[in-house]
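Hi,

As promised, I am passing the structure on to you. Have a look at it below, and then read on for what turned up.

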Amino acid sequence: MAGLELLSDQGYRLDGRKATELRKVQARMGVFAQADGSAYLEQGNTKALAVVYGPHEIRGARSRALHDRAIINCQYSMATFSTAERKRRPHGDRKSTEMSLHLKQTFEAAVLTQLYPRSQIDIYVKILQSDGGNYSVCVNAATLAVIDAGIPMRDYVCACTVGFVDETSLADLCYAEESGGVSSLALALLPRGGQIALVQMDARLHQDHLDTLIEAAMTACKGVSKVLDQVVRQHLQEGSTLRE
Amino acid sequence: MAAGKQRRAQTVPELPRPQHLLRGLRLTAGPPQPEIHTMKETPLSACERDFILKAIEEKKRLDGRQTYDYRKIKISFGTDYGCCFVDLGQTRVMAQVSCELVAPKESRPNEGIMFFNIELSPLASPAFEQGRQSELSVKLNRQLERCLRNSKCIDTESLCVVSGEKVWQIRVDVHMLNNDGNLMDASSIAAIAALCHFRRPDVAVQGEEVTVYSPEERDPIPLSIYHMPISVSFSFFQQGTYLLVDPCEREERVMDGLLMIAMNKHREICSIQSSGGIMLLKEQVMRCSKIASVKVSEITELISKALMNDKTARKAGGRCGFAESMPQERITALKVDETPVETADVTEKASGIIKEAEAPPPTAPSPVVPVPGVGQVGLGLQNTWGVEEEEELEEFSSGDDVEEVTKMEEDERKNTKDDVVEILDSEEEEVVILHPEKPQKAENVKSSFHQKGAPSSKKKTKQKP
């Protein structure tokens, strides 16, 4: 922490980005043939794979069925090789369960579940390489996968993790910045209406800075949404040209 | 052919066994296992839900609180250091802090370890199951961890004894004793109060030797706490239109989503977490943070005062602890207020009352024989056979020896005549002599009257020709 300068005097971060710059986003949709929808998304060095099955009949406990809408079942896991130290328990530990709950909550707000009563939509996300901003990358990947599956949503769900250092907001944190004790805020946004599907913040931040931080997060999310939109349009164009 | 047969056999689908029948059967022999009965909580009825939502629209809450009001918070400490009970209205939570010397984590060799654990047991609510890892349990655990650990409220470096070998592991166990909504806030208050109250054993390091002193040898020392993060929960209703602070259990069942903001009194936000499928706007989050800062300063005041009270009580040698803090709630004396009674002119009043009183009812001296075969002993014993009353009375109209009985009968006739007047109000035209006291018998007699009516009509028909 003493040697790492998260924001240099010239305004450059550890990886050479400026404060409001996002990492490079590369995405592919329709990665797997078997699943109803799938997507692979890279944001800098963080790589995530998302797969969607559904809407289908509820498996397992029929009692969970809701009479007027679909239930969304999310599972988040990290590959054992995704972190610097080998992960001993990829599933079932508290952090994964919490992350799955957050993903479920995010997509319940965005997906038009009223169109599929008594059915279930499964979203599985796996982190292949973790370099900060795990939640945000998962949400972005899952959005693309849900679009690939053809499930209607209110809007793109875009997420971004921002941090606050030296009175400046840093957009899209990497692992070194996250673990450096920076107060990080993860935000999942529906850009068109400016509605926040999920907000999560750790570490101390003075109340006066909250406004600027949320603003920075929303701007970053809107930037991500533009990229995702471009990816989706390109995928559709490729698909339609192939059919011709 | 055989292969074909096999294929056919395989394609016969296995019928799913009805689960409800299987539950009673024990298909394998084995030692009888204790049955774990889990109870589901009663579902909320639609009208109750509508009622609560409508009341919230009119800015009314079930217990009469205002929108931003907390319930009554009561903080008490146990006899051991590090034990804290918190009552938030009816929600009851207990936190216990304990410490242990362990090896540190490899990535952080000179920092102590903080471990948080929230236990949800059926003790608190029938909705909680015995096993762990329900969604709510994970959510609460993670929220408490993020609120207290990530905000670095405790100086973990001071917990180091020997760098790389021995550090203190501080373990906070929070148990839910009663669930009436808003477990998160109650847990955070209990956890931080318990941590402030806790004393760890004193340790001395001399070169290679490490001595841990017991509480009798040296006074235990408190933990070094930088700040007290406290969480405030906001519940949203009707897609974010209405907001309530500190939801009770009923309101929690009806809410759309929850926003938890943890802050300390220096107006630093320690954690924000939104849950439930609601969509918030930035302005709502900002407004909630402002409300939270006010509430947190009030609650921090309460905790400091409670800690101070406990400190003075211990110093004074007074009794402290959980048993003392429980309200007695028993009736120790039944006190009746004395009503003054005027006894000045009691004698005059008494004699006046006696004069105006009627003569005491006469007592029947001996059994009376009205009719051969029928005896009557005592007062007021009337023949309950309604049918024979008429015959009896007809016989009485001829002279009688016992005056009292005639008097009684006359009274009865008078009474029956009164009754008869009442009966005339009803539809019946023919008068029937009834027993004066029992109106049900009027019905009986009426029915018998109908029966009588039948033969009487018959009589009439007979008489005609």
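To begin with chain A: residues 155-219 are 28% helix and 46% strand, with 16 Å between the end C-alpha atoms. Please keep in mind throughout that this is a predicted model. The span 21-152 of chain A comes out at 24% helix and 33% strand, and its end C-alpha atoms are 30 Å apart. Both stretches come from a UniProt record: an unreviewed entry annotates residues 21-152 and 155-219 of chain A as "domain: Exoribonuclease phosphorolytic".

For residues 227-293 of chain B, the computed content is 27% helix and 40% strand, and the end C-alpha atoms lie 14 Å apart.

Now to the charges, which I expect you will want to look at. Counted over all chains, the structure holds 33 salt bridges. As a general point, side chains of opposite charge can pair when their charged atoms come close.

- A:Glu98 and B:Arg146 form a salt bridge whose closest N and O atoms are 3.0 Å apart. Because A:Glu98 sits in helix α1 of chain A and B:Arg146 in helix α4 (residues 135-148) of chain B, this pair joins two chains. A:Glu98 and B:Arg146 are both buried.
- B:Arg65 and B:Asp63 meet through their side chains in a salt bridge, at 3.0 Å from N to O. B:Arg65 has 9% relative accessibility, so it counts as buried, whereas B:Asp63 is partly exposed, with a relative accessible area of 41%.
- B:Arg314 pairs with B:Asp310 in a salt bridge, with 2.9 Å between the closest N and O atoms. Both residues belong to helix α7 (residues 282-315) of chain B and are four residues apart, about one turn of the helix. B:Asp310 counts as buried because its relative accessibility is 9%, below the 20% cut-off.

The pair between the chains also belongs to something wider. A network of salt bridges links A:Arg94, A:Glu98, A:Asp202, B:Arg142, B:Glu145, B:Arg146 and B:Arg149.

Which residues gather in a patch of positive charge on the surface? They are A:Lys95, B:Lys105, B:Arg108 and B:Lys152. A:Lys95 is found in helix α1 (residues 94-110) of chain A. With 54% relative accessibility, A:Lys95 counts as exposed, since the cut-off for that class is over 50%.

There is a nonpolar counterpart to look at as well. B:Val205, B:Val210 and B:Val212 make a nonpolar surface patch of about 200 Å². Of these residues, B:Val212 has its place in strand β9 (residues 209-212) of chain B, and its relative accessibility of 40% makes it count as partly exposed.

A:Phe32 counts as partly exposed, at 39% relative accessibility. From A:Phe32 to A:Ala176 there are 144 residues in sequence and 32 Å in space, C-alpha to C-alpha.

Happy exploring, and do write back with any questions.

Best wishes

Key: Residues are numbered from 1 along each chain as its sequence is written. Chains are lettered from A and ligands numbered from 1 in the order in which they are written. This is a predicted model: local features need pLDDT of at least 70, side-chain atom pairs count only at pLDDT 80 or more; totals for chains, interfaces and linings use all residues. Side-chain values use heavy atoms; hydrogens and water are left out. Patches are made of residues with over 30% relative accessible area and no salt bridge: like charges are joined within 9 Å, nonpolar side chains (Val, Leu, Ile, Met, Phe, Trp, Tyr) within 5 Å. Accessible areas come from the Shrake-Rupley method with a 1.4 Å probe; for residues, only the protein chains shown count as cover. A salt bridge is a side-chain nitrogen of Lys or Arg within 4 Å of a carboxyl oxygen of Asp or Glu. Lys and Arg count as positive and Asp and Glu as negative; His and the chain ends are not counted. The place of a charge is taken as NZ of Lys, CZ of Arg, CG of Asp or CD of Glu. Buried means under 20% relative accessible area, exposed over 50%, partly exposed in between (1.4 Å probe, protein chains only). UniProt positions are given in the numbering used here, feature names are shortened, and annotations may be inferred rather than shown by experiment.
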